[in-house]
Amino acid sequence: MNRCVKCGVHILDKTEVCPLCHCVVEDEGAEPAKEYYPDIRLKGKKIELVVRIVLFLSIVVGALSIIINVTHQNGMWWCVIVIGGLAYLQLIMLFLIENQHAGYLSKIIIGTACGIAYIVLIDYLFGFTRWSLNYAVPAALLAIDIMTVVLMVVNIRSWQSYLSLQLFMIVCSGIGILLFLAGVVTKPVMSYVVFGISCMLFLATLIIGGRRASNELKRRFHVM
């Protein structure tokens, strides 16, 4: 009696090919073939190795930047920018790439918040001319709006899941307008543009999406 290794069925006929899956069958008396499974942990181990290498290089580069900055002091602590950039790189590696349990929304929120803080830090170290709040931060938020549209097109079957991200972008872009009213932002054109685009994107998704969009809001926020 022959047995198919793939299907596990016993075949009474003397055939060398399984009639179900067309794979080669083996004799019951013969030694069973070993089954090999891919090591699903291999990818995780490679990512962990890369993270450790990047961490080591970041520590070395950060230490060298401090030493060079202290020994060649020119009135500016530029090593803070280097260390901040390396810390942001570690955040990307550890939380945004290696961490498989965090959702995409939390990754985008934390990544955006830390990126904005890093940009403002650079502006502050160079005299705080507010170019970060006037132009850089709104441009970064606009890029996220564009990325949201791309993600909705790519994941067309679950487009409604990006409504929460759109609401988050409305809040972020609205903060820029509040900062202008408080006198912190001096040139609010980009802030108004991004806020308008974020609101239009959410409104378009809500209207075009219809019931699926309203059901998503009900499920997440218990509204409508």
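Predicted model: local features only at pLDDT ≥ 70, side-chain atom pairs only at ≥ 80, totals over all residues.

Let me begin with the core. The largest nonpolar core comprises 19 residues. Within it, the residues with the most contacts are Leu141, Leu163, Leu165, Phe168, Met169 and Phe202. Four helices each supply at least two residues of this core: α4 (131–154), α5 (163–181), α6 (189–209) and α7 (211–221). Which of them gives the most? That is α5, with six residues. As a general remark, nonpolar side chains in soluble globular proteins tend to be buried together.

Setting aside residues up to four places away in sequence, Leu163 touches Phe202, Thr205, Ala213, Glu216 and Leu217.

Arg220 and Leu163 are separated by 57 residues in sequence, while their C-alpha atoms are 9.6 Å apart in space. Beyond its neighbours within four places in sequence, Arg220 is in contact with Ser161 and Ser164. Is Arg220 buried or partly exposed? Its relative accessibility is 35%, so Arg220 counts as partly exposed.

Lastly, the cysteines. How many disulfides does the structure hold? The number is zero. Cys79 has a relative accessible area of 5% and is therefore buried, whereas Cys199, at 27%, is partly exposed.

Thank you for your attention.

Terms used: Residues numbered from 1 in each chain as written. Heavy atoms only, no water. Disulfide = S-S within 2.5 Å. Buried < 20%, exposed > 50% of the residue type's maximum accessible area, 1.4 Å probe, protein only. Core = buried A, V, L, I, M, F, W, Y, C linked by side-chain atoms within 4.5 Å. Contact = heavy atoms within 4.5 Å.
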